[in-house]
Amino acid sequence: MHKNIFVHCFPASTPADRNAPTHQAHGTVEPIATLELRGSLPHTPVPPFPLAARASTLHNRSAMPAYILSRAVSLCLSLVAASLVVFVLLEIVPGDPAALMLGLNATPEAAGALRELLGLNGPVHERYLNWVFGMLRGDFGISYAYKVPVSELFADRIWVSIPLAIYALTLSTLIAFPVGIIAASRRNSATDVAIMGTTQLGVAVPNFWFAMLLVLLFAVTLRWFSAGGFPGWDQGLFVGMKALTLPAIALALPQASILARVMRSALLDTLDEDYIRSARAKGLTRRQALWRHALRNALIPVLTIIGLQFSFLLAGAIIIENVFFLPGLGNLIFKAIAARDLIVVKSGVMILVVAVILVTFLVDVAYAIVDPRLRTSTR
Amino acid sequence: MTLLSIRNLTLHIGDANILRDIDLGVEAGEILGIIGESGSGKSMTALAIMGLVPEGFSSGGQILLDGEDLLKKSEAELCGIRGDAIGMVFQEPMTALNPTKTIGDQVAETVMVHRRTGRRAANRIARETLDRVGLTEPQFPLGKFPHELSGGQRQRVVIAMAIALRPRLLIADEPTTALDVTTQAQILALLKRLVDEDGMGLILITHDLAVVAGIADRIAIMRLGEIVETGPTVGLFRNLQHPYSQMLFKASSHQPARNPPAVTGSVPVLAVDGVVRDYPLPRRSLFGAKRQFRAVDGVSLSIARGENVGLVGESGCGKSTLARAILSLEPVQAGSIALDGEPLQGSAGASFAARRKLSVVFQDPYGSFNPRHTVERLVAEPFFLLGLGAPQGAERRRRIDRALTEVGLVPADADKYVHEFSGGQRQRIAIARALIIEPSLIVLDEAVSALDVSIRAQILDLLAELSDRLQLSYLFISHDLHVVRTITDRVLVMQAGKIVEAGDTATIFANPQHPYTRQLLAATPNLEMALAAREAALPPVDPFLNPAAKQNLPSPLRGGPGRG
């Protein structure tokens with residue numbers, strides 16, 4: 001059941017709410033920071049010739065903002081469309097929250113009064129706008145089940161889920177890049193075959209089983225980590241990170257297997273390109289050609305997968321959250337669905353959608369940083 | 001000492017011999033042309049010199065560069081030689097450059113790999129080298145990316161990468177095959193100039209005899225991994241010994257016999273009137289006006305029954321767009337197209353009835369077939385245009401057999417798959433597919449451009465014979481003026497979306513009026529003229545480089561005004 005809702009809402013929808021972004025709003029600033037970094041990348045020409053340098057930077061600068069602007073416009077449109085889809089879907093779902101909150105013995109009058117109080121009686125468009133603008137103000141309403149502001153519920157969970165997703169994704173990338181590169185550079189060797197076999201296993205084995213093995217080994221046998229729970233960030237960064245380490249590894253291993261395979265095949269494709277032959281003709285060794293020419297060109301498919309994985313890790317971590325007793329977003333939304341706490345579901349899904357769309361936006365910007373051809377066209 | 005000396009070079013993978021007993025030599029300042037058709041081993045020879053043969057190949061013999069055997073060098077030593085002592089230029093400039101790096105970085109990289117210089121010094125050399133190949137500031141700053149350059153400009157960048165360190169030997173493998181004729185002439189002139197300036201040896205590999213005849217000092221002709229004949233250019237061509245070289249020579253100036261029937265009927269097979277094709281361009285800004293690119297600009301033409309009409313022009317001139325419009329693959333924005341007097345519908349596309357009068361053969365015979373279909377299914381594909389009238393059962397098979405027989409294949413070929421055929425046979429299958437619904441007009445879009453010269457001659461013969469016998473009309477689209485001249489009755493010259501000159505093929509080639517036509521003809525390599533000029537004018541002149549020479553001397557590569 002919960003699966004359906006996630007699968008359905010995410011790709012199809014695209015969010016409309018710029019407010020979970022009180023902190024996310026900085027997301028829009030980030031790409032620009034990334035851009036500035038570009039100037040210090042090793043391959044950008046250092047100005048030996050003032051004119052050449054200026055012309056080239058001018059070129060890059062002038063096309064890039066237009067591209068970012070066009071992606072930002074599509075980001076906003078996606079957010080609006082997604083909020084509509086989420087809102088409409090949850091309008092259709094049967095069940096009266098007021099009756100549910102008051103229990104079986106409630107009188108219709110009491111239920112009606114409560115509906116009025118919850119703002120469930122107005123016309124549809126009014127309720128939609130109230131919801132959206134409420135979220136923009138940081139007001140997500142009151143949870144039907146817990147009777148506390150929804151924003152409080154989220155505030156706790158978001159600071160578990162997002163760090164966990166980032167932690168797992170970082171691990172996955174750190175594992176996948178070297179593994180994929182080694183496999184590609186030694187195509188068909190014993191190393192390659194071993195790596196491919198291992199990653200096949202990593203893709204096939206469910207991550208909760210990994211999680212249980214990790215608990216058995218590191219928590220039960222070696223007692224290096226605790227078997228679950230989250231002490232909170234106020235205990236210090238190290239304690240928090242430590243608590244998230246086993247879950248992050250469990251999440252990262254299958255993702256790393258997929259990513260390593262993508263990295264390998266993307267690299268093998270680019271290694272067959274004509275410009276690799278050109279690079280070899282210039283006197284580059286196989287290894288130099290791979291690092292200097294193939295890698296950057298192989299990044300596009302890899303970035304795509306990384307973007308998808310972040311989305312999955314954010315919402316799909318629910319099983320791992322359960323294994324490790326972590327108070328995460330996935331868990332909250334799952335319970336809210338079971339309790340028909342629709343207001344939590346609605347806003348929770350929306351927050352996830354916003355995160356996913358922002359990641360997509362960042363991936364788009366990363367594409368353009370990697371591939372200059374994308375900077376000139378607006379698509 | 002000879003700069004490069006190859007002795008008894010052999011190359012084999014498993015039991016298959018790729019190269020056998022290759023003996024070649026190149027002196028400093030000399031241009032060696034290697035000619036061969038596909039599969040002759042000419043590219044493999046180049047890769048063997050570079051030490052870049054694919055894995056699994058093993059080689060024997062010697063490749064001596066200044067007396068040192070390259071085959072005995074370790075991979076690390078070879079990396080030091082490649083790009084420094086030997087540079088290489090490849091065929092396909094569109095893909096030979098890394099799209100994510102600036103041209104300046106890619107040229108400077110050659111320097112930085114081999115010399116302990118800083119980026120600043122490497123960039124300075126890159127700048128100088130790009131200037132040498134004609135990509136000067138401010139139009140071509142180091143920060144340009146490859147996708148911002150045309151094919152010819154990219155090839156100049158590739159050449160700059162290869163010559164940045166002034167190598168002693170440059171290998172150019174089909175460096176101009178993917179380029180337009182005028183660009184080809186410029187690139188060849190550039191290579192020649194660089195050889196003269198740096199005194200380097202150049203190995204120029206090509207399938208096109210006319211290209212090397214103009215500039216090579218010596219020629220080697222290869223076939224199936226062996227050198228069949230080698231010698232000084234003019235002497236070799238004037239006195240070809242080996243039957244294969246003689247055949248190659250004949251095929252490259254082959255003129256199919258044509259005997260066109262009298263043109264009958266007043267209604268043209270194809271009448272194109274004032275056709276315009278616009279493509280929308282992206283807006284400059286969010287609220288900017290819509291922009292358009294006019295690819296075909298008010299073109300009119302007509303083709304009579306049995307007539308072969310050529311359409312020539314350089315890439316991007318709109319000739320293929322026009323072809324697509326005629327085939328109703330794209331809507332037109334203005335004008336009309338009529339087949340046998342019946343107008344093709346505009347934006348909705350043509351009716352089946354109209355389409356069945358029209359067939360097409362494309363350049364890449366393999367790419368235009370579904371590899372998982374049998375030849376029978378491929379050839380019978382256009383039958384769907386006949387709707388309920390499509391032949392069934394035995395009649396269907398009979399029609400397929402006849403189409404295959406007509407193009408020189410046998411009925412048994414119907415049960416095979418496309419990958420079992422050679423390039424020339426595939427193009428025959430494509431022609432059979434075009435013939436099977438008995439069209440009035442076949443559009444041949446660069447239909448012989450990808451074929452080897454000997455195969456091309458056979459296909460041209462076939463096309464000429466079919467046209468005569470079946471009263472077929474052709475619209476023959478090509479960038480190769482030489483081929484167009486051999487097979488068409490009339491020719492249209494297209495530039496920037498417009499027909500700039502039209503008329504009888506013989507007349508236009510003999511006496512071109514429009515400056516663009518003259519430019520095209522001048523740039524088209526011509527074997528016979530190249531040889532004649534080199535015999536007449538010794539020492540050999542550089543036909544491209546020196547404008548004064550171009551004006552006054554009979555240039556080997558010009559088929560300019562006054563010749564037929």
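## Report on chains A and B

Chain A of this predicted model contains 17 helices and zero strands, where helices (H or I, at least four residues) and strands (E, at least two) are DSSP runs numbered from the N terminus. Residues are numbered from 1 along each chain as its sequence is written, and chains are lettered from A in the order in which they are written. Local features need pLDDT of at least 70, side-chain atom pairs count only at pLDDT 80 or more, totals for chains use all residues, and side-chain values use heavy atoms, with hydrogens and water left out.

Buried means under 20% relative accessible area, exposed over 50%, and partly exposed in between (1.4 Å probe, protein chains only). Contact means heavy atoms within 4.5 Å.

| Property of chain A | Value |
|---|---|
| Residues counted as buried | 47% of 379 residues |
| Contacts joining residues at least 24 apart, among those at least 6 apart in sequence | 77% |

In chain B, helix α6 (residues 181-198) has 18 residues. Of these, 13 are buried, leaving the helix mostly covered. B:Gly199, with a positive phi near 65°, follows α6(B).

B:Ser59 lies in strand β4 (residues 58-65) of chain B. This residue counts as partly exposed because its relative accessibility is 40%. Leaving aside residues up to four places away in sequence, B:Ser59 touches B:Thr10, B:Leu11 and B:Leu71. B:Asp23 is 36 residues from B:Ser59 in sequence and 14 Å away in space, C-alpha to C-alpha.

Key: Expected span 1.5 Å × (residues − 1).
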